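Good morning, and thank you for coming.

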Amino acid sequence: MASHTSTPLEYSTKQNEMNILGFWIFLGAEIVLFSTLFASYAVLEGSTVGGPAQGEIFVLKDVLIETFLLLTSSFTMGLALHQMRDNNKTAMLVWTVITLLLGAGFVYFEINEFIHYVHEGLTMQTNAFGSAFFTLLGTHGLHVSLGIGWVLMLIIQILRRGITAVTARKFFIVSLYWHFLDVVWIFIFTFVYLKGLM
Amino acid sequence: MDLSNFFVTGDPLILGSQIAIGLTMVGLVVLITYLKKWKWLWEEWFTTVDHKKIGIMYIIAGVLMFFRGGVDGLMMRTQTSRPNMEFLDAQHYNEVFTTHGVVMILFMAMPLLIGIINVVMPLQIGARDVAFPKLNALSFWTFFVGAMLFNVSFVIGGSPDAGWTAYMPLAGKEFSPDIGNNYYAIALQIAGIGTLASGINFIVTILKMRAPGMKLMRMPMFTWTTLVTSVLIVAAFPILTVALAQMSLDRIFGAHFFTVAAGGDPMLWLNLFWLWGHPEVYIVVLPAFGMFSEVIATFSRKNLFGYATMVLSIVGIAFLSMLVWVHHFYTMGNSAAVNSVFSITTMMIAIPTGVKIFNWLFTMRKGRIKFSNAMLWSLAFIPCFTIGGVTGVMLAMAAADYQYHNTMFLVAHFHYVLIPGVVFAVFAGLYYWWPKMFGFKLNEKIGKWHFWLFIIGFNLTFMPMFFIGLDGMSRRMYTYSESTGWGPWLLLSAIGAFILAAGFAALVYNIYWSFRYASRDIGGDPWDARTLEWATASPVQEYNFAVVPEVSDHDEFWNMKKAGRTKIKREDIKDIHMPSSSGIPILFSIALGIVGFFLVFEWITLAAIFSVLIIAGLIANSFDYDDGYHIPAEKVWETERKWRGDL
Ligand code: HEM
Ligand SMILES: [Cu+2]
C-alpha cells in the first residue's frame with residue numbers, strides 16, 4: 001500500500017486527477033491575481049505622501065520571524081504529506097497540526113506588524129502606498145488565514161474517515177495551496193521588504 | 001447611506017418600472033404557488049448540476065438580459081433621435097449607457113456563450129458532464145446573483161453612471177458620491193467568480209474528458225475555441241478581480257489607489273481595466289467563431305477548410321489579445337514609441353482574423369449550401385464583421401486614432417464586431433442547437449422575419465454612426481443642436497434601432513410559436529450534421545451517451561453515419577454514474593448576494609455579520625461527501641430503445 005513507486009493515492013481516481021489539475025489551473029489564476037497586486041504595488045510604492053516611507057517603519061526582525069515561521073510551515077506541510085503517502089495517519093496529523101500552529105504564528109506576527117504600522121501613522125487610508133501595501137499583504141494574509149480554516153476542516157475529515165482517496169486528494173490540494181502561499185511570501189519578502197529597506 | 005434614498009424616486013419612468021417589477025414578482029410567486037411548481041423548480045432546476053439544464057438557465061437569463069440591455073439602447077436612440085430632445089436628462093442618459101454596456105457584455109454576451117458552451121461542448125467531446133458539475137452550478141448562480149444585484153440598482157439606490165469602463169477618477173467617490181458605482185464594483189466581482197470557475201471547469205473538461213481517440217487536433221472547432229477562451233478567462237479575469245477590489249476599497253473603505261491627491265494613479269485603473277477588457281472582447285468572440293465554424297461546415301456539407309490554420313489562428317488571436325490593451329488610450333499621454341508598439345500588435349490581430357474569414361469562405365466554396373436560418377446568420381456575419389474589423393485597423397493607427405477616439409466612429413466599430421461576432425453567432429447557435437436542447441426546431445419562416453428585420457435594423461442603426469463620428473460627434477452625448485447637421489443620421493439610427501427591436505420580438509414570437517406548434521418528431525440529427533452532439537437524442541438524455549463513442553477522425557459522427565456505426569449494443573451498456581443535485585451552489589451564491597448588497601450600501605457591520613453565511617457555505621461544501629448515484633444499464637437501454645426505435 002505505502003509504496004512510493006505506484007501511483008500515489010491522491011491520483012488514484014479519474015475524478016481526483018481532474019480535481020488536482022483544476023487546482024493547478026486555479027493556482028495559475030492566483031499567480032495572475034498576485035502579479036496584478038505586485039504590479040499595482042510597484043506603481044504606487046513611491047506615493048508616500050503624508051505618511052512614513054518604507055524604510056522608516058519596516059522592522060527587519062519581525063519580518064524575518066514571519067518568514068521563518070511560514071517557510072518552516074511549508075516544510076512541515078511537506079512532512080505531513082510524506083506521512084500521508086506512507087499511510088501514517090497519526091504522524092501525518094501531528095505534522096499537520098504543527099503546520100497550523102506555525103501558520104497561526106505567522107498570522108499573529110503579521111497582525112502585530114500591521115498594528116505597529118498603524119501606530120507609526122500608516123493605514124490603508126493614509127496614501128496610495130498604504131493602500132497598495134495593505135492590499136497586497138492583506139490578500140496574502142487572508143489566504144493564509146483561509147488556509148488555516150481549510151486545513152482544520154480536513155483534520156476533522158481525516159480523523160473521521162482516515163486516509164482515503166478523497167481525503168488524500170483534498171489534503172494534497174491544500175498542500176499545493178500552502179506551498180504556493182509560501183512562494184508568494186518569498187516575493188513579498190524580496191520586493192516589498194528588502195527593496196523597501198534598501 | 002440615508003434610508004430615505006433607498007428607493008429611487010421622482011422619475012415617472014422609474015416609478016413605472018418599480019411598479020411593474022413589483023407586480024411581476026408577486027405575479028410569479030402567486031403563479032408558481034398556484035401551479036404547485038416550487039418543488040419541481042427546486043429539484044429540477046435550482047439544485048441541478050446537469051450541464052444541459054445549467055446551460056439552458058444561462059441562455060434564459062442571457063435572453064432576459066438582452067431584453068433589458070435592449071430597452072436601455074432604445075431609450076438612448078430615442079433620446080438622440082432629434083436635436084434638443086427632452087426624453088432623458090443628462091444624468092439618466094449617463095446611467096442608461098452605463099448599464100447598457102455592462103449588461104450587454106457581462107450579462108448578455110457572456111451567459112449566452114457560456115450557456116451554449118455548457119450545453120454543447122461536453123456533448124461534442126463525448127463526455128457525460130463537465131469535470132466539476134457542482135462548481136458549474138455555482139458558476140451559474142454567482143453569475144445570476146451578480147446580474148440581479150446589478151439590475152436592481154436602477155430602482156434601489158440608483159444606477160452606476162460612469163460608463164461601462166468606469167474610468168477613474170470619474171467613477172471614484174469624489175465625482176460619483178452616490179452608491180451607483182458600488183453596484184458596479186460589487187456585482188461584477190460576484191459574477192466574475194463564476195466566470196473564472198467556468199473557465200477552469202471547461203479547461204479540465206476538455207483536457208481530461210474527451211472520448212477515447214479524440215486527440216486535441218480532432219476536436220470540433222467549437223470545442224477548440226472554448227478551450228482557448230477558457231485559457232483567456234483564467235489569464236484575464238483575475239486582473240479584473242483586483243481592479244474591482246481596488247475600486248471597492250477606494251469607494252467603500254477610503255483607500256487611495258486612484259485618488260491623485262493622496263498619490264494614487266487613475267491610469268492604474270485604465271491599464272488594469274483594459275488588460276482584462278481587451279482579452280474580454282476576444283473571450284466573447286472566440287466561441288462565436290467556433291459556432292460559425294460548426295454551422296458553416298454542416299450547411300455547406302463539407303468539412304472545415306484549413307482546420308490546422310484555424311486552430312493556429314485562434315491561438316494566435318488569443319496570444320496577441322493580451323498585448324494590445326494600450327490601444328484603448330493612445331490619447332492619454334503615452335510616448336510615441338509606446339503607441340507605435342501597440343499600434344503594430346493591434347494591427348497584427350487582423351492577420352489571424354483574416355485567415356479565419358478566408359477559411360470560412362473556402363469551406364463554402366463548391367459546397368452544397370443549405371440556406372437554413374443558422375446558415376443565414378453565418379453568411380451575414382462575414383461581411384458585417386469584416387466592416388468592424390477593417391474599421392478596427394483604422395482605429396489601430398495611433399496617430400489617426402486621435403481623430404476617431406471616443407467618437408461615434410468607435411461606437412460603430414465595436415458594435416460592428418460585437419453584434420455580428422457575438423449576437424449573430426448566438427442566433428446561429430440557437431437555431432442550430434435548439435432541437436438538441438428542446439426536441440423541436442425553431443420555425444424557419446418566422447426565423448426569416450427575425451433575420452431580415454434584425455440585419456436591416458442593425459445596419460441602419462450603426463452604419464450612420466461611422467459618418468457622424470467622422471464628423472466629430474463624440475460618444476455618450478445626450479443632446480446636440482440642430483446646426484450640427486447630425487439630426488437626420490441619428491433619426492435614421494433610431495428608426496433602425498426599432499426595426500432591430502422588432503427583429504428581436506420576432507425571435508421571441510418564434511420561440512413561442514415553435515414551442516406550441518413545431519413538430520416533436522425530429523430524431524437525433526435533424527440537420528444531418530457532423531459532430532458527436534448529434535449522436536444523442538433530442539432533447540438529450542440525462543446521461544448524454546449510453547456508450548461513449550470511439551473517435552477515429554474529425555467530424556466523427558459524419559464518419560459513423562457513413563460507415564453505419566451509429567447503432568449501439570445492449571452488452572456495451574454499463575451502469576452510468578451521475579452526480580447528485582446540490583443546494584449548496586444556489587444558497588452560497590445568495591449569501592454572496594446578501595453580503596454584496598450590504599457592501600453596496602456601505603453597511604459594513606451587517607456585511608461582516610452576514611459573511612458568516614459565506615463561511616458556513618464553504619464549510620458545508622467541505623463536508624459534502626455525496627458520491628452521486630447510478631442509472632442501471634437496464635434503464636439506459638429502455639431510454640435508448642425509445643428514441644432510437646430501431647434497436
Ligand atoms: C481586427 C481586429 C480589431 C482591431 C484592430 C480593433 C481595434 C480597436 C481599437 C484600436 C480600439 C480603440 C479605439 C479608441 O478607443 O479610439 C477598439 C475599441 C473597441 N473594440 Fe476593437 N478591434 C478589433 C476587433 C474587435 C473585436 C473582435 C471586438 C469584440 C468582439 C472589439 C471590441 C471593441 C470594443 C468593445 C471597443 C471599445 C470599448 C470602449 O471604449 O467602450 N474589437 N478596437
Ligand atoms: Cu481592444
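Let me begin with a term: donors are N, O and S atoms within 2.8 Å of the metal, or 3.2 Å for Na, K and Ca, and sites may look incomplete because water is not among the atoms. This is a predicted model, in which local features need pLDDT of at least 70 and side-chain atom pairs count only at pLDDT 80 or more, while totals for chains, interfaces and linings use all residues. Residues are numbered from 1 along each chain as its sequence is written, chains are lettered from A and ligands numbered from 1 in the order in which they are written, and side-chain values use heavy atoms, with hydrogens and water left out.

How far is the iron atom of ligand 1 from the copper ion (ligand 2)? The two are separated by 4.7 Å.

On the iron side, the protein supplies a single donor, NE2 of His413(B), at 2.2 Å. His413(B) belongs to helix α13, residues 408-438 of chain B; helices here are DSSP runs (H or I, at least four residues), as strands are (E, at least two), numbered from the N terminus.

On the copper side, ligand 2 is coordinated at 1.8 to 2.0 Å by His278(B) through ND1, and by His327(B) and His328(B) through NE2. Along the chain, these donors follow the spacing H-x48-H-H.

Are His327(B) and His328(B) buried or exposed? Buried means under 20% relative accessible area, exposed over 50%, and partly exposed in between, with a 1.4 Å probe and protein chains only. His327(B) counts as buried because its relative accessibility is 15%, and His328(B) is buried at 18%.
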